[in-house]
Amino acid sequence: MARAANASIYSPELLARKYGSRPVQALKRTLEILVALGSFALKLLLEQRNGMLDRNKRKRAAELRTIFTRLGPTFVKLGQGLSTRPDICPPEYLEELARLQDALPTFPDADAFSCIETELGVPLDSIFSSISPSPIAAASLGQVYKAQLKRSGQTVAVKVQRPGIEEAIGLDFYLIRGLGLLINKYVDIISSDVVALIDEFARRVYQELNYVQEGQNARKFKMLYADREDILVPDIFWNYTSGKVLTMDWVDGVKLNEQAAIESQGLKVLDLVNTGIQCSLRQLLEYGYFHADPHPGNLLATPEGKLAFLDFGMMSETPEEARSAIIGHVVHMVNRDYEAMARDYYALDFLSPDVDVAPIVPALRDFFDDALSYTVSELNFKTLVDGLGAVLYQYPFNVPAYYALILRSLTVLEGLALYADPNFKVLAASYPYFAKRLLTDPNPYLRDALIELLFKDGRFRWNRLENLLVQGRKDRDFSAKDALQPVLKLLLGPDGEELRTLVIKEAVRVTEAVVLCTVVDTYNSVPPFMRTLMFNGNGGGPLVMSATELESMIELRDQVFRIWGLLRSSENFDPALFQPILQVLQQPDARILGGRVVGGITQRLAARLLQQVLRTPAVPTSSL
């Protein structure tokens, strides 16, 4: 920490004072950017008019990469983001811009080695027994060497910061922020606070310049998420780390967008992407601490099939209230409860509490009724985000900076998956996690969301529960014990009267279905000649019931039995988990609940029996 005491932090006020007094430097940089990007745009326009656009794609893609590289780190960051977006850029551009992830121009090795010695305060040969004479990779903010520690013999990666990097990005962010101020003032179509988004991004980039902070980020990330055997996070060597030098474990691996190289090791890209999605969901919605820059250069497939996370400079956090609100928002979307969806935007901090959401509901209905004509497995995350964005622009929404980083993180992962499978859908891969959280999380907000999902118009939707269990079981952390106990606690709690009434009705309905279907099954197993004797000459069957009603009861019974089978076959299922449930059922409130269920069942079966007794016997007809 002492070595990082002088690390820079992002301050718009300091940048304004610094570059506001240097108008010539600011104007020169502005003209440099405008000339570079303007001339490129002009070439594209002329080629489009001449019908040469497709023929020159590869050439223009290489030219854009060169322009971004020449314009410096800020634009390299922009190019890295575009390199993971096949929905925006043609394949030729994706391939060229992907080279910005670790194939950037290097700075002199002598400068790098001098920086290491200055920062760590000791000669290079006293730290490393060997170090690569040239960098293994060059990133936007620094370059990486492969070395061997003199004391332990461990192979490490040594990242050294580019000289003069603060000056370069400081001027760019000063100019970009000025553009943001103009957009906020004069562009009405953009309702978000553009300056706030720029400030958040700039703050993250400046944090990347403090390598001690990055090391702490890596340590925290490893503690939270590397408990999974398929996730790898390198260790940091603190004795050889400072504000501008970072030393960590060396990781052998292949970038996640190099499909052929991954498959040559017997691995599958989609398996690794799914691992990344599940880890990202834990980051976003469990602990709220997430990697905000997961481009392919920062995600490696190891020979053992693990997904390695690198570069922890840009991290962000999801507010605790927003984590539950995001899951609840998905439930409300599936339920098409657009009023509840609109209210979610308060918890998500999209709207101030004084904004009336009533006018927003029709716009949400118009968009999602069309989007939800597809199943969840068919929904494309990027399409959903873009469509929702079109709704947001019409109303006084303010998209929080953390949410923009979440979208970037998930769209990057979906973009990586699209390399391997153009039909991949990140929402389909995410649904098991959402199902598991709904079934097992005791959070009151999620318990309410589960009830909304399972009950409608006073009836229990068994198909929804079955689907949640099927999907939830796909998540490795799903446990039947975790799914049962929070529900029971809610059911018997002081605020559960309304739910208890619904459960009593449903318990009566299910018990009736099981009993009557058992009677029907028994009747059908009896030989025909005995049926007539047993039912006093009535061959119409044991029950007064229409075929439709009987079919409905059989379907309900079979569905309940399937759900019970799903619970029994889940991992870590143990009949002993019902012991605390039985103890709960012995409590006074539970005995009252059980009595109400038994009373309801008795009334229904008595009514059925009375119908059976009073029905008119069938009159046999004689043949002539």
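The following questions and answers go through the fold of one predicted model, from the whole chain down to single residues.

Student: What percentage of the residues count as buried?
Tutor: Buried means under 20% relative accessible area, exposed over 50%, and partly exposed in between, with a 1.4 Å probe and protein chains only. The chain has 624 residues, and the buried share is 49%.

Student: Which residues touch the most other members of the largest nonpolar core?
Tutor: A nonpolar core is a set of buried Ala, Val, Leu, Ile, Met, Phe, Trp, Tyr and Cys residues joined through side-chain atoms within 4.5 Å. The largest one holds 127 residues. Its largest share, 10 residues, comes from helix α16 (residues 401-420). The members that touch the most others are Leu256 and Leu468.

Student: Which residues does Leu468 touch?
Tutor: Contact means heavy atoms within 4.5 Å. Residues up to four places away in sequence are not counted here. The list for Leu468 is Tyr431, Ala435, Leu438, Leu439, Leu450, Leu453 and Leu454.

Student: Is strand β3 largely enclosed or largely open?
Tutor: Strand β3 spans residues 142-149. Six of its eight residues are buried, so β3 is largely enclosed by the rest of the structure.

Student: How many bridges join β3 to strand β4?
Tutor: Two strands pair if DSSP finds at least two bridges between them. β3 is joined to β1 (residues 128-131) by three bridges and to β2 (residues 137-138) by two, running antiparallel in each case. β3 and β4 (residues 155-161) also run antiparallel, with Tyr145 opposite Val158, and the number of bridges between them is seven.

Student: Which residue in the turn between β3 and β4 has a positive phi?
Tutor: A hairpin joins β2 to β3 through three residues. β3 and β4 form a hairpin with five residues between them. In that turn, the residue with a phi of about 80° is Gly153.

Student: Which strands lie at the edges of the open sheet of four strands?
Tutor: The order in this sheet is β5-β10-β9-β7, and the pairing is mixed. β5 runs parallel to β10 (residues 307-309) through two bridges, and Leu232 stands opposite Ala308. The strands that pair on one side only are β5 (231-232) and β7 (254-255).

Student: At what angle do helices α11 and α12 pack?
Tutor: Leu284, Leu285, Glu286 and Tyr287 in α11 meet Arg323, Ile326 and Ile327 in α12. By class the contact has five nonpolar, no polar and two charged residues; Ala, Val, Leu, Ile, Met, Phe, Trp, Tyr, Cys and Pro count as nonpolar, Asp, Glu, Lys and Arg as charged, and the others, Gly among them, as polar. Axes are lines fitted to C-alpha atoms, for helices over the stretch in contact, and angles run from 0 to 180 degrees between N-to-C directions. The axes of α11 (residues 269-287) and α12 (residues 320-335) are 7 Å apart, and the angle is about 115°.

Student: What is the relative accessibility of Thr247?
Tutor: Thr247 is in strand β6 (residues 245-249). Beyond its neighbours within four places in sequence, its contacts include Val156, Val158, Phe237 and Tyr240. Thr247 counts as buried because its relative accessibility is 0%.

Student: Asp311 and Asp349 have positive phi values without being glycine; which one is exposed?
Tutor: Asp311, with phi near 60°, is found in the loop between β10 and β11 (315-317) and is buried, with a relative accessible area of 15%. The other residue, with phi of about 70°, lies in the loop between α13 (338-347) and α14 (360-371). With a relative accessible area of 51%, the exposed one is Asp349.

Technical notes. Residues are numbered from 1 along each chain as its sequence is written. Side-chain values use heavy atoms; hydrogens and water are left out.
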